[in-house]
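Here are some exercises to work through with the structure open beside you. Try each task before you read its solution.

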Amino acid sequence: MRAPIRLESRAPRPNWQERVESAGLTWHTAEGLPYWTEDRNLVLTLKAAETLEDAATELHAMCLEACEEIVKRGWWDRLCLPDTAARMAEASWMTSELSIYGRFDFAWNGVGTPKLLEYNADTPTSLLEAAVIQWQWLEDVAPENDQLNSIHEALVDRWKLVSDPMIHFACAWDQPEDRQTIAYLAETAEQAGKSAELLDMADIGLSPEGRFTDHLERPIDRLFKLYPWEWMAREPFFESVPPERHRFIEPAWKMMLSNKALLAILWELNPGHPLLLPSFFKKEELTSRDINVWVEKTLFGREGAGVNIVERGRTLMSGQPAHFPTDPVIYQQHASLFQAEGQHVVWGLWMVGDECRGLSARADHSPITGNLSRFLPHRIEG
């Protein structure tokens with residue numbers, strides 16, 4: 001009987017650097033170590049891939065229900081959002097502003113049910129690798145196999161729902177990965193018939209009429225920003241955002257999903273759900289249930305920042321320093337990851353709109369996934 005998941009070794013493609021660079025992946029090596037992985041890949045059975053896909057679909061629906069409850073019950077203090085941001089998120093949700101994509105992170109070793117670690121619903125990266133690079137790899141090395149991956153086609157279709165003919169794409173321009181990510185997203189928008197303009201977040205201006213403008217002082221009708229809402233909420237210009245709220249993608253209501261407080265809210269609304277890990281705002285609520293190993297996460301942490309693995313009050317391992325060290329934390333029961341050859345694997349499930357359209361995997365010697373954790377392509381066997 002085949003294992004549902006296994007790590008496979010293979011010889012790298014002879015010209016793999018040129019192949020991935022030609023498709024836009026210029027950050028395939030980081031600090032002298034491979035980020036994009038050619039000598040290892042994951043193999044899943046069809047049933048295993050479907051288990052992950054179904055888990056993401058079910059959890060996305062649960063997350064939308066949680067948003068409804070947050071708005072209905074006014075749970076903004078739980079999210080620690082400034083009042084202006086909370087009002088924006090509420091208005092954005094009430095008017096059903098369009099979302100493009102997001103990525104769940106799951107722990108799963110192939111036995112039982114996957115467990116939600118978090119929802120990267122605002123600015124998930126590793127998109128190019130997931131949508132394009134690992135598909136290119138599959139066509140080169142195992143064209144007879146399949147992959148859980150229709151991200152590209154789904155993104156093109158999703159952009160067609162945006163009414164504006166012109167879309168600006170902005171990021172912190174000095175970050176090569178972010179810059180290439182928005183370039184890729186702009187390409188999918190152009191394939192949907194849109195015009196696209198790329199710019200640095202720092203180049204966005206404000207006209208005397210209160211309209212956001214680009215570097216050529218043209219009004220911005222629609223802006224995709226690869227820049228977290230919680231960072232924007234701490235910027236001096238944030239007070240100018242509410243009148244322009246409807247122009248942003250991802251929409252302001254995504255502040256409810258990209259916040260780690262969501263994990264505790266989901267557990268409160270769905271106690272004991274098999275796809276969830278017990279998660280709480282107070283450590284005492286967790287320890288009173290005889291949970292001895294847990295993970296502490298700051299509400300606005302990203303890429304392993306502000307994450308600590310704790311056993312009976314003793315910190316076993318820490319990720320990178322928190323972006324905002326004074327922010328509150330949530331306490332989530334620890335879940336073991338799939339492990340092979342000393343690597344810990346986190347599963348990324350990509351949502352485009354309300355549908356799960358792709359799978360990616362990141363691996364690290366540490367159980368805390370960071371921004372340099374290796375990307376492992378996958379293939380599905382029958």
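**Exercise 1.** Which residues line the largest cavity?

Before you start: this is a predicted model, where local features need pLDDT of at least 70, side-chain atom pairs count only at pLDDT 80 or more, and totals for chains, interfaces and linings use all residues. Residues are numbered from 1 along each chain as its sequence is written, and side-chain values use heavy atoms, with hydrogens and water left out.

*Solution.*
- Step 1: search the whole structure, which turns up 1 cavity of 30 Å³ or more. (On a 1 Å grid over the protein atoms alone, a cavity is a set of points where a 1.4 Å probe fits but cannot get out; lining residues have an atom within 4 Å of a point.)
- Step 2: list the lining, which is E118, Y119, N120, A121, D122, T123, P124, S258, K260, G301, R302 and E303.
- Step 3: sort that lining by class to get 3 nonpolar, 4 polar and 5 charged residues. (Ala, Val, Leu, Ile, Met, Phe, Trp, Tyr, Cys and Pro count as nonpolar, Asp, Glu, Lys and Arg as charged, and the others, Gly among them, as polar.)
- Step 4: note the volume, about 80 Å³ for the largest cavity.

**Exercise 2.** What is the strand order in the open sheet of 4 strands?

*Solution.*
- Step 1: read off the order, β8-β7-β11-β12, with parallel pairing. (Strands are DSSP runs of E with at least two residues, helices are runs of H or I with at least four, and both are numbered from the N terminus; two strands pair if DSSP finds at least two bridges between them.)
- Step 2: look at the edges, where β8 (195-200) and β12 (248-249) each have a single partner strand, so one side of each lacks a neighbour in the sheet.
- Step 3: zoom in on β7 (residues 166-171) and β11 (residues 223-226), which pair over 4 bridges. A170 has K225 in β11 as its bridge partner.

**Exercise 3.** At what angle do helix α2 and helix α9 pack?

*Solution.*
- Step 1: find α2 (residues 46-73) and α9 (residues 261-269), which pack at about 95° with axes 10 Å apart. (Axes are lines fitted to C-alpha atoms, for helices over the stretch in contact, and angles run from 0 to 180 degrees between N-to-C directions.)
- Step 2: name the arrangement: α2 is roughly perpendicular to α9, a label that covers 65 to 115 degrees.
- Step 3: sort the contact residues into 8 nonpolar, no polar and 2 charged.

Terms used: Angles under 35 degrees count as roughly parallel, over 145 as roughly antiparallel, 65 to 115 as roughly perpendicular and the rest as oblique. On a 1 Å grid over the protein atoms alone, a cavity is a set of points where a 1.4 Å probe fits but cannot get out, and a pocket is an open set with protein on both sides within 12 Å along at least five of seven lines; lining residues have an atom within 4 Å of a point. Grid points are joined across faces, edges and corners, and a volume is the space filled by probe spheres set on the points.
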